[in-house]
Amino acid sequence: MSMHWPKLSSDQIKFRVFEALKKNINYREAPIFGLPGTYLDAEVFDNREAFLENAPFLSTFIANPNHIGVHTFGETDPIFKGTQKIEADLIRICAEEILCGSHNEQDGYVSSGGTEANIEAFWIYRNYFLRSYGCHLNQIALLYSEDSHYSIAKAANLLQVKSIVIAVHQETREIHWHDFEKKIQMALAMGIKYFIVNVNLSTTMFGSVDPIDLMTTYLNQNDLIYKLHVDAAFGGFIFPFVSPDSSYSFKNPNITSFSLDAHKMLQTPYGTGIFLIRKEFMQYVCTHEATYVPGKDYTLCGSRSGANAIAIWMVLHKYGSEGWKLKMQALADLTSNFCSQLDQMGIDYFRNPGLNIVAIKAGFISAQLAKKYHLVPNEHSENIQWFKLVMMPHISLDNLSIFLAEWESERQVKC
Ligand SMILES: Cc1ncc(COP(=O)(O)O)c(C=O)c1O
C-alpha cells in the first residue's frame, strides 16, 4: 500500500488538538496534587483565552503536558492520555506510512533530537547483545563511516563500546569497501563478535547515503551477528518522499530502528527528534526503577514536553502525505536547478539527488563569500575542504540568484 495520511484544515487540526487537551487532566481545573509539574507561569507566559483560542500548539505548550515514558505500548498515564495518544499516532505515521512498517509492529517516541534517538538505539542493541548472548562489553563494537554524525562517536563513548570507523572515498564520499571489509576482519580477529551498525540516510555534511544493501549482504553472507540502525535524522523527512521504494524502510528486515529529526525539514521546534524501533526491542532499556512512572520509562531523557509531539502531528496533517511529497519534491528540484547552475559554472560539488545538501569543493569559492552566506565548512580550521549549502525552505529564489551572481563575478575577477 502506498503512503497515506490525510491533510486536515486548520480548523480540523485545532479541533483535534483541543479535543486531546480536553482528554488530558488540566492543572487549572482538577486537583492534581502529586506531580512536580504544572502549567507555564502565567506571569510570564500569556494564557489569556483571546490569545490562545486559535493557537493549538501554544495552548499545549502552556498547558505543559508531560510525555515521560513511551506511549506506543503499555500503560498510559490518565493525566496526559489525550496528547500522548496524538504522539502514538504520529509515531504510527512515521513508522507505517513514511517507512512502510507493518501495522502495530513498531514502537517509538519523540526524543530531544537525533542525538538522543541515535544513543537510544545503540543503548538498546548494547543491552540486547549483553542480555541475549551473555557477552562481555569488549565483544561489542559500533561500526560507522567517518562521515557519520558526531553523536555516533558520542554514543560509543557513553556506552563504552569500541568504535570501528570506516573510511570514505574523499571525492565520492562512498564507503571505502576495502576498508569496510578489512576493519571487520580486524575486529573479528580482536575478539569482537557483535556489531552495532549505523547506516546514514544521510550524512550531515554531504547528504551522502550509505550503500545499505551492499553492507548487509556482506554482513549476512559472513554470518555476522549485528543489529542495524539507520540515522535518518537528516534525510528521514525528505529522502523517502523523493526516492520512494529504496531499501531504507521497515520492509527491509535487516533494519531494526530509525532516527528522524522533525526539527530539520519539518520546521518544528527544537526538541522534536523521533526514535522508531521494531516491537520487542524497547524492553532492553526498560528502567524498572522508574516505579512512579505509569508504564515505566524506556527513554533516555525522562520528562519531555507533549507540545513537541503536537507540533510534529500538526505539521504532518497540515500537508497530508501528498502535500508533503510535493513540498519535498519542490525542494529537491530547487537543489537540482542549483546544481545545474554549478555545472554550468564548472564548480566541483557533491550531491545525492534524493537530498537537499550540496557540498561545494572549498577551492571553488572564497572564504569571504562562504562566510557571507553562512555556508558551513567541513571543519573550523585552516584546512577547509568543503563548504555545504542546505536548501531549506527559507532560501528564496531571489537570494539564490544574488548569491550565484556574486559567486560568478568573484570567479570572473579571479580568471
Ligand atoms: C545525520 C545526523 N544525525 C544526527 C544528528 C543530531 O541531531 P540533533 O542535533 O537533533 O541531536 C544530526 C544533526 O545535524 C544529523 O545530521
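A residue counts as buried if 20 or more other C-beta atoms lie within 10 Å of its own. By that cut-off, 6 of the 6 residues of strand β1 are buried, so β1 is largely enclosed by the rest of the structure. The model is predicted.

- β1 covers residues 106-111.

**The loop between α4 and β1**

- Leu 99 sits in the loop that runs from α4 (81-98) to β1 (106-111).
- Is Leu 99 buried or exposed? Leu 99 has 23 other C-beta atoms within 10 Å, so it is buried.
- Val 197 is 98 residues from Leu 99 along the chain, and their C-alpha atoms are separated by 19 Å.
- Cys 100 belongs to the loop between α4 and β1.
- Cys 100 is partly exposed because 18 other C-beta atoms lie within 10 Å.
- The phi of Cys 100 is near 55°, a positive value in a residue other than glycine.

**Other backbone points to check**

- As background, most residues other than glycine have a negative phi, and most peptide bonds are trans.
- Gln 267 has a positive phi, near 60°, and is a residue other than glycine.
- With 14 other C-beta atoms within 10 Å, Gln 267 is partly exposed.
- The peptide bond from Leu 201 to Ser 202 is cis, and its omega is near 15°.
- Ser 202 lies in the loop that connects β4 (194-200) to α8 (212-221).

**The nonpolar core**

- In soluble globular proteins, nonpolar side chains tend to be buried together.
- The largest nonpolar core here has 104 residues.
- Leu 142 and Ile 312 have the most contacts inside this core.
- Helix α11 (residues 306-345) gives the most to the core, with 14 residues.
- Ile 312 touches Leu 90, Val 110, Ala 262, Leu 266, Thr 268 and Thr 272, not counting residues up to four places away in sequence.

**The four-stranded sheet**

- An open sheet of 4 strands has the order β8-β9-β11-β10, with antiparallel pairing.
- Which strands form the edges? They are β8 (349-350) and β10 (376-377), and each pairs on one side only.
- β8 and β9 run antiparallel and are joined by 2 bridges.
- Between β8 and β9 the chain makes a hairpin through 6 residues.
- Phe 350 has Ala 359 in β9 as its bridge partner.
- On to the next pair: 5 bridges connect β9 (residues 357-361) with β11 (residues 386-390), again in the antiparallel sense.
- Ile 360 stands opposite Phe 387 in β11.
- β9 is mostly covered, as 4 of its 5 residues are buried.
- In a regular strand the side chains alternate between the two faces of the sheet.

Note on methods: Residues are numbered from 1 along each chain as its sequence is written. This is a predicted model: local features need pLDDT of at least 70, side-chain atom pairs count only at pLDDT 80 or more; totals for chains, interfaces and linings use all residues. Two strands pair if DSSP finds at least two bridges between them. A nonpolar core is a set of buried Ala, Val, Leu, Ile, Met, Phe, Trp, Tyr and Cys residues joined through C-beta atoms within 7 Å. A residue is buried if 20 or more other C-beta atoms lie within 10 Å of its own, exposed if 12 or fewer, and partly exposed in between; C-beta atoms are placed from the backbone. Two residues are in contact if their C-beta atoms, placed from the backbone, lie within 7 Å.
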